[in-house]
Amino acid sequence: QVQLVESGGGLVQAGGSLTLSCAASGRFFRISDMGWYRQAPGKQRELVASITSSGRTNYLDSVKGRFTISRDNAKNTVYLQMNSLKPEDTAVYYCNAEVYTTIWSRTADYWGQGTQVTVSS
C-alpha cells in the first residue's frame, strides 16, 4: 500500500507565496512521475505541474514563471513552490504519483487527500 501525505496549504493574500509538500510512504519499488493537480469549485481537476524521475518538468500555462515543481527522490517527496499567487489559484491541490509497486509491475496511480489553497484579493 502506498500513501501520499500532503502539507503546506493555507490562506494567503494575493501576491504571496506558499510551498506544498507531498511525501510518499509504504511498500513500493520506485516512483515514476509525480505531479500536482488542482480542483476549484465547479471546475474539473487540472494538472498544474509534473516532474519525471529524472527531473523533467511540465507546467500549466497559467502558472509558468510563478510555480516551481521539484522532487527529492531520496525522500520520495515532491514540492510545489507557488509564488505571486492569484485569487484564481484558489483550489484544492492534490498530489499524484505513478508508482511501480514491484519490480515486475506497471505503474499505478496514487493520490493524496488534497490540501486547500485559498488566495484572497
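**Exercise 1.** How many bridges join S1 to strand S3, and in which direction do the two strands run?

*Solution.* The model is predicted, and local features need pLDDT of at least 70, side-chain atom pairs count only at pLDDT 80 or more, and totals for chains, interfaces and linings use all residues. Residues are numbered from 1 along each chain as its sequence is written, and side-chain values use heavy atoms, with hydrogens and water left out.

Step 1. Strands are DSSP runs (E, at least two residues), numbered from the N terminus, and two of them pair if DSSP finds at least two bridges between them.

Step 2. S1 and S3 (residues 18-26) are joined by six bridges and run antiparallel. Within this pairing, valine 2 stands opposite glycine 26 in S3.

**Exercise 2.** Determine the strand order of the open sheet and identify its edges.

*Solution.* Step 1. The four strands are arranged as S1-S3-S8-S7, with antiparallel pairing.

Step 1. S1 (2-7) and S7 (67-72) each have a single partner strand, so one side of each is left without a neighbour in the sheet.

Step 2. From one strand to the next, the twist averages 15°, where axes are lines fitted to C-alpha atoms and angles run from 0 to 180 degrees between N-to-C directions.

**Exercise 3.** Describe the largest nonpolar core, then the surroundings of phenylalanine 67.

*Solution.* Step 1. A nonpolar core is a set of buried Ala, Val, Leu, Ile, Met, Phe, Trp, Tyr and Cys residues joined through side-chain atoms within 4.5 Å; buried means under 20% relative accessible area, exposed over 50%, and partly exposed in between (1.4 Å probe, protein chains only).

Step 1. The largest core has 30 residues, and Phe67, Trp36 and Tyr93 are among those with the most contacts inside it. Its largest share, five residues, comes from S9.

Step 2. Beyond its neighbours within four places in sequence, phenylalanine 67 is in contact (heavy atoms within 4.5 Å) with residues including Arg38, Val48, Leu80 and Tyr93.

**Exercise 4.** Characterise the geometry between tyrosine 37 and tryptophan 111, and locate the charged end of arginine 45.

*Solution.* Step 1. Rings of Phe, Tyr and Trp (its six-membered ring) pair if their centres lie within 6.5 Å; planes under 30 degrees apart count as stacked, over 60 as edge-to-face and the rest as tilted.

Step 1. One aromatic pair is found in the whole structure. With 4.9 Å centre to centre and 65° between the planes, tyrosine 37 and tryptophan 111 are edge-to-face.

Step 2. Tyrosine 37 is partly exposed at 23% relative accessibility, and tryptophan 111 is partly exposed at 36%.

Step 3. A charge sits over a ring if NZ of Lys or CZ of Arg is within 6 Å of the ring centre and within 35 degrees of the ring normal. Arginine 45 has its charged end over the ring of tyrosine 94, 3.8 Å from its centre, and also lies over the face of tryptophan 111, at 4.8 Å from the ring centre.
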